[in-house]
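Dear colleague,

I am passing on the structure below, together with some notes that I would ask you to read alongside the coordinates.

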Amino acid sequence: MKKKVLLMGKSGSGKTSMRSIIFANYIARDTSRLGATIDVEHSHVRFLGNLVLNLWDCGGQEAFMENYFASQRDNIFRNVEVLIYVFDVESRELEKDMHYYQSCLEAILQNSPEARVFCLIHKMDLLQDDHQRDIIFREREEDLQRLSKPLQCTCFRTSIWDETLYKAWSSIVYKLIPNVQELEQNLKDFANIIDADEVLLFERATFLVISHYRMSPHRDLNRFEKVSNIIKQFKLSCSKLAAQFQSMEVRNSKFAAFIDIFTSNTYCMVIMSDASIPSAATLINIRNARKHFEKLERNSQGHLALSR
Amino acid sequence: MENEGNLLVDDDEISSDDQMTGVTEVNRVSSNDQTSGRDTPPESVPSSSVVQNYDDGSPFLSASAAVAGVYSSSWTATSGPSPYTVDNKPKRRPFHPALGSRSGSLAGEATIQQDNHLYSRYRYYTRLRAPVDASEHALVIPDHVVPPVLFLPYIPGHTTDADGKQASHITIIAVWNTMMGTSLMTMPWAFGQAGFLGGLIIMLLMAGLALYTAMRLLTLQKVMGVQGPNLEFSRLCYQLLGGPLGKLTEGLTVSFSVLTLVGAQVVYWVLMSNFLFNTGEVIYDAVNGEIHNDSSNALLCPPNVTGNADLTPVDPTIFHRWWQQDFTVPIYLIVPFIFIMNLRDAKIFTYFNSLGAISVFVMYLFVISKAVTWGININFTNPLDTYYVPLFKDTFMCLTGTLSLAYFIHNCVVTIMQGNRHQENNVRDLVIAYTLVALTYTPIAVLFYASLPLPKFCIVDNFLDNFPPHDIILAIVRGFLFFQILTVYPLLGFFIRNQLFTYFMGLNYEYQLWRVIILNVFLIALSVMVAIFYPNIGFIIRWVGAIAGLAYIFIFPCATYMYALYTQSKLQWHQAILHSIIIILGVVNFISQFFTE
C-alpha cells in the first residue's frame, strides 16, 4: 500500500491553492460544499516515488468533525509518511487550531508514529512587515514545538506570493530523501565528469529541487522556483494536447541547459557553460548516468522500506 | 549488456506508464462514500487543470478550448470588455520585467530580482487558474503584493473613457481653440476699418452668419439622409456626386480648404518673425543694459514711422544689420522647421495647442487692464478731434474679410464635433462655442479701439506692434505666442499635406518622404517670401478670408442645403430666398475686397 502525505489544516487555510501550485494542478474550490462535508481529495500523484498526496480539511462544524474524526481516523492516519499541517497566520481561533492540530498528532502517534511532521505557517504576506513576521513566526514555532512533544515538528513560514512556499516544500522533500548526502556527492562527481556548471535534480511531479550541485556560487538563490514555474507552465501546455513533457534543451551563445527525465522520480537539469560541447555528447552522458542514479534511488527506497 | 538491457526495459516501463492516460485522477469523495477503493491506473505526471474530462480514446481536446486561449476566460471576466477597438488599439509591447541591469546598488538589484520572480509566479498562477471562473479568488494577486512601481496615481475626473469621446465642454473648448487664431491681433485694426457702429453691427452679423452656415454643414449629412459615419464636407460631396463630378467638387473644396491653411501659414510666418524679432530686441537690450526711460505707457505709431522710412537712418550696429524683421529673421526661422515639418505624425503638436489659449487669456486681461488705465478716448462727433471715429466707414470690407477668416471652422467642424460624446448636443455646443469666440474677439477689438490714446489711424493690423518691444508683459505674451505658433505651424503643414495627399492618392496614402519634403520646401519658401516682401497680414487675412469664406461660409453650405431640400422636394420659397441672399452676400464680400483704397 502506498504511503501517504497528509496535507491537513483548517478549511480556508490555503491548502488547495498550495497543492495546486506545487503540483501544477488547479482544482477550483467548491465553496458551496464548505462546512457540510469533509472535503477529501486524493490526487494520485506520484510524489517521491511511492508517496500519495491526500488533502484533508480539518475544521468546519465541530460536532460533525469530532464524529468524523472518531470514526475515520484510523483509516486516515494509517500509513502516513508525512504530515503537513497548514496554519493560517491570520486565524482568530488559535485555540481551536491548536486543538485540531493536537487531535491530528494524537492520531498520528497511534497510527503512524514514525511519520514526519511539518507545520506551515501560511499566508505570511498578510502580515505587514518583516519584523512582525519574524516575531509572530517565532512565537508560533515555539508553541507548536512545545505542543508537538514527543513528536518533532519542523516549522516553516510560507506564502504563495514569495519564495518561501517553494523553499518550504523543497526542504520537506529534502528531508524525506534518506541518502541525500550521497546523492549530492554523486551529483558533484557527475558534474565534474561532464564539465557541467550546475546539475539539479528535480522531483518529478512537483519540480521541487531535491539536490543540486554548482561549481561557482550564483547570486540568485531563488532561481529554482522560477525554473520550476516555467517548466510547470510548459507542462500545462503540453498536457492540453495530451502530450507528456519529456525533455527540453535551451541554448544560447553563453550556455546550454538540458532538462530531461532522469530516474523514475526525478528530472535532471544540466547547465553547460561551454557551448561548444555538442548536445549529443551531454545527452549521452545524462543517459549513461541514469543507470547509476536509478540504482542509488532503488537503494534508498529499499532503505526506507527496511526502516519500517 | 545486462545493465543496459535492464535500462532499456526500465525506459519502456517509464514511457508506457506516462503514455497511459492524460486523465487526472481527482476523486472528490464525500464523507458518505468511503469506498475509495477505486482501481486507479498507475499515476502519470499530473496533467493540466482542464476541468473537462476527456476520455482515453481521443487524445485531442476540442478546438474551442485551445482556440479560446489560456487567458480568455479569466481576463475578460475580471477586467471587463476591452475598451480598444481595431482602430484605437495602442501599439504596446508585452510587459517584460527589467533583467537586473538597471541599478548598480545591491539593494536595487535584489528588489529587481524579487520583482522578476514575483512576475514569474504571477504568470504561473494566472496560467493555473485560466480555465476557471474569473470570480474565483484563489491565486489572484492581492494588492499588497503588487510591486509599488506598477501603481499609477488616480486623478479623479481625468479618466479617459473607453469610448474615446469627449464631454461637451471639452468639445466646446476645442472648437474655441481652433477658431481662435491670429485674427485676434488684427481685430482692432479691422474693427476700425468699418467705423464704430458699423464695426459692431458687422461683427455680430458675421458671427451669426458663420454660426448658421457652420450649423448647416454640421447637419448636412443628416438632412441629406446619408447614413454611415460623419464625413467631412469634401468627402461627402465626393460620395454623393460620385465619379468625375464628385472628384471635381471634392477638388474644389480641398483647394479652398488648403488655401485657408496656406494663408494661415503665411500669416503665421510673418507673425513669428515679428515675435522673434521683438523678443530678440528685448534680449539684446537687456544684455546691453539699455534702459528705456519711457514709461510702460509708451506707445508706438507705426504708420508714422513707416511713413518716414526714408528719413530714419539704418541702425549701424551689427546686431541690427543681422536682425531685421523684414529680412533676416524670417530666414532664420527656417532652421527649426527643416526637421519638424517632415515628421510623420502630428500628434505631438496638438498638445501644444493649448498654449495659445493661455496667450489669448493673457492678452484679454492685458487689454482690459490697459483700457482701464487709459480710459475711453473716443469721439464720434467732431471730425477734427484726434480721437475722432466715424460711425460708419466705407472700408468695412476689410472687417468682413477678416471676420470670414476669424470665424472660419467650416472645413473641420464635422471632424471636431465627431468627438462629442452626446451627438445630439452638437448644435447646442457649436452655438456656445461661437458665442464664446465672439465674446473674445469683440471686447478686445472694441475696448482697445475705444481706449487707445492715439489717433486711431495708428492702430496696425497687429495691435501688439503698437507697443514697444520692451514692455514686459507683452514681451512675455509675444514669447508665448511665438512658441505656440511655432507648434501650430507644423500642424497646419500636416493638415495641408494630409488633405492634398488624400485627395490625390486616396485615404490610405503612403508616407513618402520626398513628396513631403517637396511640399514643405514650397510652403516654407512661400512663407519666407511673403514675410520678406509683403508682410501685411491684414491684407492677407482679409483676402484669404474673403475667398475661402466665399466658398465655405457662404456658397457651399447654402447651395448644398438648398439642393438637399430640393431633391427631397421640401424646398420652400422663403428658404430659397434666404439662402440665396446669403450667397449673394458672400459674393459681394469677395468682390468688395478689390475696392479698398
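What follows is a summary of what was found, beginning with the conventions.

This is a predicted model, in which local features need pLDDT of at least 70 and side-chain atom pairs count only at pLDDT 80 or more, while totals for chains, interfaces and linings use all residues. Residues are numbered from 1 along each chain as its sequence is written, chains are lettered from A and ligands numbered from 1 in the order in which they are written, and side-chain values use heavy atoms, with hydrogens and water left out.

In chain A, the secondary structure comprises eight helices and eleven strands (DSSP runs, H or I of at least four residues for helices and E of at least two for strands, numbered from the N terminus). Of the 308 residues in chain A, 56% are buried, where buried means under 20% relative accessible area, exposed over 50% and partly exposed in between, with a 1.4 Å probe and protein chains only. Among the contacts in chain A (heavy atoms within 4.5 Å) with a separation of 6 or more, 68% join residues 24 or more positions apart.

A:Glu203 lies in strand S7 (residues 198–203) of chain A and is buried, its relative accessible area being 1%. From A:Glu203 to A:Cys268 the C-alpha distance is 8.7 Å, although 65 residues separate them in sequence.

The largest nonpolar core has 122 residues, of which B:Tyr407 and B:Leu430 touch the most other members; such a core is a set of buried Ala, Val, Leu, Ile, Met, Phe, Trp, Tyr and Cys residues joined through side-chain atoms within 4.5 Å. Leaving aside residues up to four places away in sequence, B:Leu430 touches B:Val175, B:Leu211, B:Ala214, B:Met215, B:Leu218, B:Val413 and B:Met417. A second, separate core of 72 residues includes A:Ile194, A:Ile231, A:Leu236 and A:Ile286.

As for cysteines, A:Cys238 is buried at 12% relative accessibility, and B:Cys398 is also buried, at 3%. Taking a disulfide as a pair of cysteine sulfur atoms within 2.5 Å, the count over all chains is zero.

Finally, there is a helix pair in chain B to look at. The axes of H7 (residues 196–224) and H21 (residues 537–567) of chain B come within 9 Å and cross at roughly 40° (axes are lines fitted to C-alpha atoms, for helices over the stretch in contact, with angles from 0 to 180 degrees between N-to-C directions). H7(B) and H21(B) are therefore oblique to each other, since angles under 35 degrees count as roughly parallel, over 145 as roughly antiparallel, 65 to 115 as roughly perpendicular and the rest as oblique.

With best regards
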